[in-house]
Amino acid sequence: MAGPIEQFEIKPLVPFQIGGLDLSFTNSAAYMVLTAVAASGFLLFATRRRALVPGRWQTSAEMVYEFVAATLRANAGEQGMRFFPLVFSLLLFVLVANLVGMFPYAFTVTSHLIVTFALAMLVFATVTLYGLFRHGAGFLKLFVPEGVPLILTPIIVLIEVISYLSRPVSHSVRLFAVMLAGHITLKVFAGFVVSMGSLGTLGMLGAVLPLAMTVALTALELLMAIIQAYVFTMLTCMYLNDALHPGH
C-alpha cells in the first residue's frame, strides 16, 4: 500500500526538456488545467440561460459572485471592486482545486507550497505595484501608522516592513499546511482500515473505529477545503485595501 506522502509526488506525464531545463507537463500541471476548466465550465453552464428567475445552477453562480462582491466592499470599499476579476478568479481556483483534491486518487495542487506561494505572490505584487503606481511615495504611509510617537517610529517602521514582506509566506503557508496535513491524516486512517481489514474477522471489527474516524475526517477536510478558500479570499481583500488606502 502506498504511503501517505506518495499522494503528493509530482510525476511527469509528458516529458519535455530544453537544454537541461525540465519543462515536462506533470500531474500537478494537469490538475491545475482541470481546475481552471472545471471552474470555467461551472460558470458557463450556470449562466448559459441568464434567466430573470434563476435556476439552481444560476443561483449558485450568483451566490459566489455576490459573496466576492460583498467581501471586497466590506474590506476594501467600493473602490475594491476594480479588483473583482482577480479576487473572483482566486476564490474559484482555490475552492475548486481543494474540492477536486477530495476525490480518491486525485492530486491536490494546493497541498504544494510552490502553487500557493505563486498565488500569494500574485496578490503581493498586485498590492505593491498598484499601491506605488497610484499613491507614489504616499504608499509608504502603510509602514507608519498614525499616532505613533516619533521616538518609536524607526522600530515600528522596521516591524511593519518585516510584517509586510512576510505576507506572501503566511498567506501561502496557511493554505498549504492545512491541505497537506489534512490529506496525510486522512490517508493514515484510511490505511489503518485497509490493514486491519486484512487480518480477518477480528481485524474487521477493530477497523470500525478507524473507519468512523476516516468518515469524520473526510467531512472535516471538506469543510476545511471551503473555509481555506474563504480565508485566502478574505486575506486577499484585506491586503488589497492597503493598496487603495495605505494611510488607514
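Tutor: Start with the second largest cavity, whose lining divides into four nonpolar residues, two polar and one charged. The model is predicted: local features need pLDDT of at least 70, side-chain atom pairs pLDDT 80 or more, while totals for chains, interfaces and linings use all residues. Residues are numbered from 1 along each chain, and side-chain values use heavy atoms, without hydrogens and water.

Student: What makes a residue nonpolar, polar or charged here?

Tutor: Ala, Val, Leu, Ile, Met, Phe, Trp, Tyr, Cys and Pro count as nonpolar, Asp, Glu, Lys and Arg as charged, and the others, Gly among them, as polar. The lining is H171, R174, L175, Q228, V231, F232 and L235, so R174 is the charged one.

Student: Why is this space called a cavity?

Tutor: Because on a 1 Å grid over the protein atoms alone, a cavity is a set of points where a 1.4 Å probe fits but cannot get out; lining residues have an atom within 4 Å of a point. Its volume, the space filled by probe spheres set on points joined across faces, edges and corners, is about 30 Å³.

Student: Which helix gives the largest share of that lining?

Tutor: α8, with four residues. Helices are DSSP runs (H or I, at least four residues) numbered from the N terminus, and α8 spans 208-244.

Student: What is the volume of the largest cavity?

Tutor: About 50 Å³. α4 gives the most to the lining of the largest cavity, four residues.

Key:
1 Å grid on protein atoms, 1.4 Å probe; cavity = no way out; pocket = protein on both sides within 12 Å on 5 of 7 lines; lining within 4 Å. Helix = DSSP H or I, 4+ residues; strand = E, 2+ residues; numbered from the N terminus.
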